[in-house]
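Please examine the structure shown below.

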Amino acid sequence: VAEEEKAPEEPEVPDDNNPKVLAEEVERIDYSGAQVWKVSTKKSSTQRLINQLASEKLIASWGGNHSAIDILVKPNALENVTAALKKKDVAYYVMIEDLQQRINEENPPLDENELELQDRRGHRMTWKQYHRLEDIHGFMDYLAKTYPSIVSVNTIGKSYEGKELKVLRISDGKQGNKAVFIDGGIHAREWISPAVVTYFINQFAENFDVESDDIKNIDWYFLPVVNPDGYEYTHKSDRLWRKNRKYGYGPSTCTGADLNRNFGYRWGGKGASSYPCSDIYRGSGPFSEPESKAISDFFKNTATKFSAYLTYHSYGQYLLYPWGYDNALPPDHKDLQSVGLLIAQAIRKTGGSEYKVGSSSGLLYPAAGGSDDWAKSLGIKYTYTIELSDTGRYGFVLPASYIEPVARENLAGLRALASVVNKLD
Ligand code: ARG
Ligand code: ZN
């Protein structure tokens, strides 16, 4: 989920004269003493106060909904922010006492046995750990090599830093198959997303012969890491980076655009910032970013007609459908709501997690330039943004032990969607 922050009317920051790509990570940002609080937004004035504190860089928004917002409070701001909230009588409580501690515990190394097992296979991917881009891409290539009759990998473009944008297709090549596109990792710090998408890939590729007809009658396209530069940056430098890493929009600390504000349908509307330092910076124009542009080109150049587009994010446990740009609904919103409820029910029955279903503008807040709105505008019927676990206990820093349960229940959700897609004419 993103910030509800209004674009502050600050001047565009001029380009400084630094080299195009920054020198290899000099340091890792330390979040020791930083906290995450859940703040009630029941009082109408709270959002303004939050925006104010955010513009003073005392806090950063982790997202929220109509009733509460999660904020990261910097260690040296704890007193001031406490005072500001108390003064306005705003209710809040501490979710994370020490963010760095959570980060340190999030992704423990594998034990000996698991490492040994891992080395006997042709790839390094597990769903017991969050993996670097290299492992994810290595896993995709391994599947293409191992199952050439059903799996293929295509590079649909390059990121700003030149990393490949790899799409893996699983298909038995039957005439009359439906098609579904799934992506993950649009936002760098949402690590559970690529982990879940690769889990789906693994399930379908490794077990295709024994999969259900609903799965076999679909041509599956997976782009697990839309934002590889950002993803690697969260592993090496700043665990909480959200945007891509396109340099030059502002000073070096303001690198990048929010890819989920950069898609070319109603670009530049509500809930997107024109200020490069914002975490929800929309970019300089629709599809100004190589990563979103590559997705747009892929859809433009394919003859495949997709029945569904799913984009996995975290966190909050929501199934969101268009429109996101404003409080408006597509003509078939009742179908989107009822199928969303089917998916949510399958998730709950399998793993127990509750997912709320609704339009993203209605349930969360308007935010223009999302990939979901753009996919819907292409005529893809079942278009959802899925906000995975959790609801704020760990937020973006969800321990790796949650990968399997979150992926398993969402695989059940995906099967429910596949069954609906199969029944379309
Ligand atoms: N958390 C996501 C974001 O803020 C939600 C996107 C929903 N879709 C939309 N078009 N607003 O990027
Ligand atoms: Zn996201």
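## Report on the predicted model

Ile150 is partly exposed, because 19 other C-beta atoms lie within 10 Å; a residue is buried with 20 or more other C-beta atoms within 10 Å of its own, exposed with 12 or fewer, and partly exposed in between, the C-beta atoms being placed from the backbone. This is a predicted model, in which local features need pLDDT of at least 70, side-chain atom pairs count only at pLDDT 80 or more, and totals for chains, interfaces and linings use all residues. Residues are numbered from 1 along each chain as its sequence is written, while chains are lettered from A and ligands numbered from 1 in the order in which they are written.

Ile150 belongs to the loop between H5 and strand S5 (151-158). Helices (H or I, at least four residues) and strands (E, at least two) are DSSP runs, numbered from the N terminus. Apart from its neighbours within four places in sequence, Ile150 is in contact with Ile170, Ser171, Asp172 and Phe208; contact requires C-beta atoms, placed from the backbone, within 7 Å. Between Ile150 and His313 there are 163 residues in sequence and 27 Å in space, C-alpha to C-alpha.

Two helix pairs are set out in the table. Axes are lines fitted to C-alpha atoms, for helices over the stretch in contact, and angles run from 0 to 180 degrees between N-to-C directions.

| Helix pair | Axes come within | Crossing angle |
|---|---|---|
| H5 (residues 133-146) and H6 | 11 Å | roughly 15° |
| H6 (residues 192-206) and H13 (residues 403-423) | 9 Å | roughly 60° |

The contact of H5 with H6 involves Ile136, Phe139 and Leu143 of H5, together with Pro194, Thr198, Ile201 and Ala205 of H6. These residues divide into six nonpolar, one polar and no charged. The classes are nonpolar (Ala, Val, Leu, Ile, Met, Phe, Trp, Tyr, Cys and Pro), charged (Asp, Glu, Lys and Arg) and polar (the others, Gly among them).

On the H13 side, Ile403, Val406, Ala407, Asn410, Leu411 and Leu414 meet Ile192, Ala195, Val196, Tyr199, Phe200 and Gln203 of H6. By class, the contact of H6 with H13 has ten nonpolar, two polar and no charged residues.

UniProt, in an unreviewed entry, places the feature "active site" at Glu387; such annotations may be inferred rather than shown by experiment. Glu387 lies in strand S12 (residues 382-388). Is Glu387 buried or exposed? Glu387 is buried, because 24 other C-beta atoms lie within 10 Å.

Technical notes:
Two residues are in contact if their C-beta atoms, placed from the backbone, lie within 7 Å.
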